[in-house]
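Here is a short note for a colleague who is opening this structure for the first time. Please read the points with the structure in view.

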Amino acid sequence: MADIVYTLEGGVYLNITNKCPCNCAFCIRSKGDAVGDAEKLWFDKEPDFNEIKQAIDVFDFSKVKSAVFCGYGEPTNAFDNLIKAAEYLKAMYPDIKLRLNTNGLSDLINGKPTAKALAEVFDSISVSLNEPTSDKYDKITRNIFKGKAFDAMLDFTRQCVKYCKNVRMTVVDVISKEDIEAARRVCESTGAEFKVRSFEKGR
């Protein structure tokens, strides 16, 4: 069984699925089988909620102030388990701050609007913008929703901004400075905050 709860540079992360509609050119999971203190982040089979709950119960969250749902897959690909796991963590540790790291394609993945439900259980949502245009986005993310993903991701982010106080969009510093600035303008159009992530640090 792969690690579900792991730590990386002092942060606590939850890896609940390996499924993802993207195959990003820069994805950290292409570097190896694990990061941080995890021994393995690739599942032999996708975990069910009881296995996720058990992993949460085993880990000592008593002094953890924040945790991030982000592993070797897109968390919203396991939407029901994601919501239930976040609700369970909040019930057990009411003061914990939860962040969702997502590619923003949840509505396409699940075939329904999902921002409101996510905002009800997460304190902050971080959406991977990656590139400033649809064509460049499709090229770097190699997603399965060609031509639809970019606009859907922006719409999802706008909905998140409506329901969640802390929403940001990110790009990785592997793209040009010009594209980073163009991406910043795209991000601003959604009302979200903008962050440039370091490829070397992996976050």
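1. Start with the aromatic residues. The model is predicted. Phe59, Phe61 and Tyr93 form one aromatic cluster. Across the whole structure, a search finds seven aromatic pairs. One of them joins Phe61 and Tyr93, with 5.7 Å from centre to centre and 40° between the planes, a tilted pair. It links distant parts of the chain, 32 residues apart. Phe61 sits in the loop between α1 (49-58) and β3 (66-69), and Tyr93 in the loop between α2 (79-92) and β4 (97-102).

2. Tyr93 is partly exposed because its relative accessible area is 22%.

3. A further pair to look at is Phe69 with Phe122. Here the rings are edge-to-face, at 90° between the planes and 5.4 Å centre to centre. Phe69 belongs to strand β3, while Phe122 is in the loop between α4 (115-119) and β5 (124-128), so the pair ties together parts 53 residues apart in sequence. Phe69 is buried, at 0% relative accessibility. Phe122 is buried too, with a relative accessible area of 2%.

4. Next, the core. In soluble globular proteins, nonpolar side chains tend to be buried together. The largest nonpolar core in this model has 59 residues. Which of its members touch the most others? They are Phe61, Phe69, Leu118, Phe122, Leu129 and Met153. Helix α2 supplies the largest share of this core, seven residues. A second, separate core has eight residues, among them Tyr6, Leu8, Ala38 and Leu41.

5. Leaving aside neighbours within four places in sequence, Leu118 is in contact with Thr76, Phe79, Leu82, Ile83, Leu100, Ser106, Ile125 and Phe156.

6. Now the pockets. The largest pocket holds about 930 Å³ of space. Its lining counts 45 residues, and those nearest its centre are Ile28, Cys70, Gly71, Asn101 and Arg197. Seven strands each supply at least two lining residues: β1 (5-8), β2 (11-14), β3, β4, β5, β6 (166-172) and β7 (193-197). Strand β4 gives the largest share, four residues. By class, the lining of the largest pocket has 19 nonpolar, 16 polar and ten charged residues.

7. How much space lies in the second largest pocket? The volume is about 190 Å³. The residues lining this second largest pocket are Met1, Ala2, Asp3, Ile4, Val5, Glu51, Gln54, Ala55, Val58 and Phe59. Helix α1 gives the most, with four residues. By class, the lining of the second largest pocket has seven nonpolar, one polar and two charged residues.

8. Ser128 counts as buried because its relative accessible area is 18%, with the cut-off at under 20%. Not counting residues up to four places away in sequence, Ser128 touches Thr102, Asn103, Tyr137, Met153, Thr170 and Arg197. Of these contacts, Met153 is named among the core residues that touch the most other members. Arg197 is listed among the residues nearest the centre of the largest pocket.

9. Turn to helix α5, residues 134-141. Which of its residues are buried? Tyr137, Asp138, Ile140 and Thr141 are. An α-helix has 3.6 residues a turn, so residues three or four places apart point the same way. The buried residues of α5 pack against β5 and α6 (149-163).

10. Last, check two backbone angles. Most residues other than glycine have a negative phi. Asn130 has a positive phi of about 70° although it is not a glycine. Asn130 is found in the loop between β5 and α5. At a relative accessible area of 3%, Asn130 is buried. Arg142 also has a positive phi, of about 50°, and is not a glycine either. Its place is just after α5, in the loop between α5 and α6. Arg142 counts as partly exposed because its relative accessibility is 41%.

How values were computed: Residues are numbered from 1 along each chain as its sequence is written. This is a predicted model: local features need pLDDT of at least 70, side-chain atom pairs count only at pLDDT 80 or more; totals for chains, interfaces and linings use all residues. Side-chain values use heavy atoms; hydrogens and water are left out. Rings of Phe, Tyr and Trp (its six-membered ring) pair if their centres lie within 6.5 Å; planes under 30 degrees apart count as stacked, over 60 as edge-to-face and the rest as tilted. Buried means under 20% relative accessible area, exposed over 50%, partly exposed in between (1.4 Å probe, protein chains only). A nonpolar core is a set of buried Ala, Val, Leu, Ile, Met, Phe, Trp, Tyr and Cys residues joined through side-chain atoms within 4.5 Å. Contact means heavy atoms within 4.5 Å. On a 1 Å grid over the protein atoms alone, a cavity is a set of points where a 1.4 Å probe fits but cannot get out, and a pocket is an open set with protein on both sides within 12 Å along at least five of seven lines; lining residues have an atom within 4 Å of a point. Grid points are joined across faces, edges and corners, and a volume is the space filled by probe spheres set on the points. Ala, Val, Leu, Ile, Met, Phe, Trp, Tyr, Cys and Pro count as nonpolar, Asp, Glu, Lys and Arg as charged, and the others, Gly among them, as polar.
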